[in-house]
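Hello,

Here is the structure we spoke about. Please open it first, then read my notes below.

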Amino acid sequence: MSATRKVPFFDYPRLFNDDREGLLNIVEEVGKRGAYIMQSDLVDFESQLAKYTGAQFAIGVGNATDALEFGWMSIGLKPGDEVILCSHTMLATASAVVTAGGTPIPVEIGEDCLIDPQAVEAAITPRTVGISPTQLNGRTCDMDAIMKIADKHKLAVVEDSAQALGSRFRGKHAGTFGDAACFSFFPAKVLGALGDAGGLITNRKDIYERAYQLHDHGRDTQGQIRSWGRNSRLDNMQAAILNKKFETYQHVINRRREIAGMYEEQLHELEQLQLPPAPVENSDHFDVYQNYELQADNRDELKTHLAAQGIGTLIQWSGKGVHQWEGLGFNQRLPKVERFFERCIMLPMNMFISNDDVNYVCDSIKSFYKH
Ligand SMILES: Cc1ncc(COP(=O)(O)O)c(C=O)c1O
């Protein structure tokens with residue numbers, strides 16, 4: 001019997017269909033101006049991004065992976081240089097280190113399922129040059145602890161804040177603690193474009209200038225070639241779309257926090273689940289809930305049960321931490337991360353789901369554990 005209600009994990013067509021007219025107007029308006037590459041919409045987006053996060057500089061780039069790579073290249077990684085990162089992250093955090101010329105060193109998660117500062121400190125060797133903490137699922141790590149370690153050992157920090165635009169720790173925005181940071185505007189991100197898109201922010205003028213050249217064929221802001229670079233410019237059309245979406249960004253964050261609150265309220269009593277932190281006002285963390293990732297007993301059966309109820313869920317990154325991709329040369333065990341990936345599952349969390357959808361998801365989970 002097929003389920004009567006459908007709650008897709010993320011309804012990609014709705015990204016366009018729900019604002020068809022508004023988006024077509026942007027395409028028409030930008031198209032009429034012939035403003036495709038490095039035009040005013042991109043400049044506006046970059047200043048909005050800098051202003052919103054409180055960073056001094058922002059550059060629109062092709063995607064967040066490139067932003068991470070440019071961050072590390074600007075810092076000047078050399079072969080053999082090690083960068084410590086969390087194994088509970090997208091492979092991109094590590095691949096950017098590799099393509100920038102360094103070696104990624106994955107470490108364990110702490111209680112909060114983000115990078116464990118103690119594990120970071122324990123992984124430091126004479127070859128360590130940096131840390132790349134991931135602000136995962138819209139939550140910023142304990143950046144006081146990370147920056148203390150970085151300062152003590154004189155390490156560079158490039159934050160992978162691909163999932164964390166608007167997230168804050170002790171009032172400060174994700175991405176503004178270290179030397180540089182990335183954001184992803186992949187369609188399913190909290191601020192999502194209609195294609196690949198990313199941003200780099202930094203407070204360091206030298207990194208800004210170097211990353212700027214890297215993303216535009218080695219040209220500086222005056223168009224003069226200063227170094228070797230390549231092309232990873234954020235399309236002006238995507239920037240125009242992101243500018244429009246930025247107008248309602250606070251509303252989007254509020255709604256995601258509301259949904260997280262509903263999940264918390266209805267599921268917290270289930271002892272078979274470990275939920276992510278609830279959205280608490282005036283706490284150290286202001287989370288934007290890019291994802292609602294929990295840990296569940298009988299995870300695979302739960303996923304199958306929810307699928308039969310028409311509910312889409314996701315086990316992130318093929319269910320593996322970075323260090324578990326042995327074909328990429330890793331040979332280590334990180335038991336907490338491995339355990340996490342046996343139990344993790346993401347519930348629908350986006351602007352397309354109604355309160356009734358959330359109630360339906362929660363009821364379906366409760367009925368699974370009752371039987
Ligand atoms: C934590 C994290 N880092 C990096 C990336 C890479 O972002 P992009 O697809 O924009 O390159 C993602 C994208 O999902 C991500 O979730």
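Strands here are DSSP runs of E with at least two residues, and they are numbered from the N terminus. The model is predicted.

By that scheme, Gln 295 lies in strand 12, which covers residues 292-296. Is Gln 295 buried or exposed? Its relative accessible area is 11%. Buried means under 20%, so Gln 295 counts as buried.

What does Gln 295 touch, beyond its neighbours within four places in sequence? Gln 272, Leu 273 and Gln 274 are among its contacts. Leu 314 is 19 residues from Gln 295 in sequence. The C-alpha atoms of Gln 295 and Leu 314 are 12 Å apart.

Now the whole protein. It has 13 helices and 13 strands. The radius of gyration is 21 Å, close to the 21 Å from the globule rule for 371 residues, so the protein is as compact as a globular protein of that length. The C-alpha trace spans about 65 × 55 × 40 Å along its principal axes.

Of the 371 residues, 56% are buried. Among contacts with a separation of 6 or more, 69% join residues 24 or more positions apart.

Last, charges. There are 38 positive and 49 negative ones. Their mean positions are 2 Å apart.

Best wishes

Conventions. Residues numbered from 1 in each chain as written. Predicted model: local features only at pLDDT ≥ 70, side-chain atom pairs only at ≥ 80, totals over all residues. Heavy atoms only, no water. Helix = DSSP H or I, 4+ residues; strand = E, 2+ residues; numbered from the N terminus. Rg over C-alpha atoms; globule rule 2.2 N^0.38 Å. Buried < 20%, exposed > 50% of the residue type's maximum accessible area, 1.4 Å probe, protein only. Contact = heavy atoms within 4.5 Å. Lys, Arg positive; Asp, Glu negative; His and termini not counted. Charge placed at Lys NZ, Arg CZ, Asp CG, Glu CD.
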